[in-house]
Amino acid sequence: MTRIKRLLILSVLGAVITLPEPGCAPAPEPGMYFYRAINDGCNCQEYRLADRPGRIEYLFRARYRMEEGVVTDIEIELTNNNRDTLFLDRGAIKVSSQNIPYQYNGKFLPLPALIIPPSQSDVVKLVGREINGKPDWNKIAGEQLSITIKGLHAGLRDLASQTAIFVPDNPRVRRR
């Protein structure tokens with residue numbers, strides 16, 4: 001084996017050793033807490049869905065912080081593995097909270113007129129702030145957050161709507 005091949009193998013092995021375990025995400029910033037996806041028996045910090053006919057992947061992530069009430073950050077990473085361009089111009093998103101009164105709770109809102117070329121990805125970010133703005137950790141208990149995205153199309157093909165359901169990690173509950 002040549003010296004270059006040995007170095008390449010060592011560098012690849014080194015990269016594998018430094019990666020986090022599968023399914024683990026990095027710790028959130030101080031004061032931030034994860035929501036965990038509960039779709040399809042999952043209990044994950046990230047939830048991946050795929051529209052197989054459209055060859056589009058969705059990666060949902062959500063976190064929250066207590067800041068004069070609950071503030072939630074949601075990210076949806078869209079990856080276009082299709083030969084056609086992915087369009088969000090007719091798309092809409094709905095976030096429904098069981099316990100937290102967000103301003104647009106349960107209502108579809110338009111997505112930005114984003115265009116994702118073939119073999120590319122982009123991220124849609126949302127921030128929701130509780131209406132009454134009072135810090136109350138009791139709202140986290142029993143909370144369930146549902147995120148639905150619809151109206152996307154790849155070329156002329158309309159894509160099926162996708163939904164991810166999350167529950168928050170509660171830092172006030174001790175784990176045994």
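Predicted model: local features only at pLDDT ≥ 70, side-chain atom pairs only at ≥ 80, totals over all residues.

Modeller: Arg 65 pairs with Glu 67, where the closest N and O atoms are 3.2 Å apart. Arg 65 also forms a salt bridge with Asp 73, and there the closest N and O atoms are 2.9 Å apart. As for burial, Arg 65 has a relative accessible area of 19%, and buried means under 20%, so Arg 65 counts as buried. Asp 73 is buried too. Glu 67, on the other hand, is partly exposed, at 35% relative accessible area.

Next comes the pair Lys 139 and Glu 130, whose side chains meet in a salt bridge at 2.3 Å, N to O. Both of these residues are buried. There's also a network: Glu 46, Arg 61, Glu 75 and Glu 77 are joined into one by salt bridges that share partners.

The largest one has a volume of about 280 Å³, and 16 residues line it, with Val 95, Tyr 104, Leu 109, Val 127 and Gly 128 lying nearest its centre. Two or more lining residues come from each of β4 (70-80), β6 (92-97) and β9 (120-129). The biggest share is from β9, which gives four residues. By type, the lining of the largest pocket splits into nine nonpolar, four polar and three charged residues.

How values were computed:
Residues numbered from 1 in each chain as written. Heavy atoms only, no water. 1 Å grid on protein atoms, 1.4 Å probe; cavity = no way out; pocket = protein on both sides within 12 Å on 5 of 7 lines; lining within 4 Å. Points joined across faces, edges and corners; volume = space filled by probe spheres on them. Nonpolar A, V, L, I, M, F, W, Y, C, P; charged D, E, K, R; others polar. Salt bridge = Lys/Arg side-chain N within 4 Å of Asp/Glu carboxyl O. Buried < 20%, exposed > 50% of the residue type's maximum accessible area, 1.4 Å probe, protein only.
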